[in-house]
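Hi,

I am passing a structure over to you, as promised.

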Amino acid sequence: MAAVKHVGVIGAGLAGLAAALAAVQAGMRVDLFEARSAPSAVLAHIDVVPNLLRDLVTLGIDDACVRCDFQYRGLEVVDAEARTRFEIPTPRLAGVRYPPSLGMVYGDLLQLLRDAGLAHGARLHLGTPVLDAWDKGAIVTADGERHRVDLSLIATGPTLPAVAATAPRATALASLPQQWCYALLPRPVALERTTWVIGHGSTKAMVVPVDMRRAGIALLQPEGASQAPAALRQTLAAQGPLLRSLGALCGDDMPTQLRAVRSGVLDGEWHAHGALRIGHSAHVLPPHFGQAAAQTLEDAVVLGDLLRARPERNALLQAFMARRGERARRVHALVAQAARWDVQPDATTDLRALAGELARIVAEPA
Ligand SMILES: Cc1cc2nc3c(=O)[nH]c(=O)nc-3n(C[C@H](O)[C@H](O)[C@H](O)COP(=O)(O)OP(=O)(O)OC[C@H]3O[C@@H](n4cnc5c(N)ncnc54)[C@H](O)[C@@H]3O)c2cc1C
């Protein structure tokens, strides 16, 4: 079988944009199909944890990230009264030139990846939903066009049935009865790094500085809770000083974003025929420890590395699974445990030990 030269990517979220960039940098011809008619501008933070920053450096968009975002070291876990309970270390995995971790605006990261991919020659087809990821060597779009490719990457996110046909069978995704509500607010002057607040009652929140002026908040809520700014303000008003002060800044016209907590990894191989699932289409991680995005970027970096050797398709798919399958499962198991403890803490709850185990896995690149 001939070497892979032309890659079709379905979905221009984090997974698709990063994979398109990695493939085009590896010398591939790349077509990227996105159902939405305009790029998504997500007004929420993304916590760029050490292994995610290392992969952004590998993809070459490091300088832009570091220039415009809030660098920090060490994640702090505090109680409702802002007393430090413990710290989760953030090792410097990206190299001495770079900080250990960053906070940034999610939409800005998508734009950096998109701009870099387009600058390297990837072709982005907006408003082009894909109906079939692999039909006799072609991607079939809703306008009836068939686009011949050597490899198809399914990066359609956790809506698993979105691309049907010959795509691999998915395991059911577990939904935890939780959602996270995200918003961007003015940064409290004293907020110098990502802070995980274990508040009164069962309230938990992550606060991430994204630049000198702004911080992102993600508030853990029961599924179905209102995302209206007034409801957010009310919940935060009943908390300790940090969350109360942020609640007071929630204006009525402040945009909020919801993220349902899902959890699952595909059973067995992530590919069938010529189509490989990547990102949340293959593994959905709850938000704990910032690994959802980091594992998505790992898919892209490994693909880029493998494509550079000009393999034929089946060899590439096997090598990809060898580097990503078991590793993603191990990371998922630890992150899913942290999410379960949020819903139901027990005598064995030990977030710090979980964080340590996870750090040992991701310390080396995939
Ligand atoms: C508000 C918010 C904040 C987050 N913050 C963090 C964070 O701090 N840290 C972290 O680790 N993770 C975070 N995440 C999770 C992170 O976004 C996921 O890791 C990531 O979204 C997975 O990306 P994806 O590209 O696989 O899926 P998605 O982002 O869901 O992208 C899928 C894309 O595919 C397109 N699509 C779907 N079906 C088709 C089709 N048939 N044809 C063409 N296109 C299609 C969709 O329109 C979409 O653009 C956050 C998520 C949200 C929503």
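Predicted model: local features only at pLDDT ≥ 70, side-chain atom pairs only at ≥ 80, totals over all residues.

Residues are numbered from 1 along each chain as its sequence is written, and side-chain values use heavy atoms, with hydrogens and water left out.

Let me begin with H1 and H4. Helix H1 (residues 14-25) and helix H4 (residues 106-119) have axes that come within 9 Å and cross at roughly 30°. Helices here are DSSP runs (H or I, at least four residues), numbered from the N terminus; axes are lines fitted to C-alpha atoms over the stretch in contact, with angles from 0 to 180 degrees between N-to-C directions. H1 and H4 are therefore roughly parallel (angles under 35 degrees). Their crossing is left-handed, meaning that the near helix is turned anticlockwise from the far one by less than a right angle.

On the H1 side, Leu14, Leu17, Ala18, Leu21 and Val24 meet H4 residues including Tyr106, Leu109, Leu113 and Arg114 (contact is heavy atoms within 4.5 Å). The residues of this contact divide into 10 nonpolar, 1 polar and 1 charged; Ala, Val, Leu, Ile, Met, Phe, Trp, Tyr, Cys and Pro count as nonpolar, Asp, Glu, Lys and Arg as charged, and the others, Gly among them, as polar.

Now for H2 and H7. Helix H2 (residues 50-58) packs against helix H7 (residues 291-307) at about 30°, with the axes 9 Å apart. This crossing is left-handed too. Its contact has 6 nonpolar, 4 polar and 3 charged residues.

Best wishes

Key
Helix = DSSP H or I, 4+ residues; strand = E, 2+ residues; numbered from the N terminus. Parallel < 35°, antiparallel > 145°, perpendicular 65-115°, else oblique.
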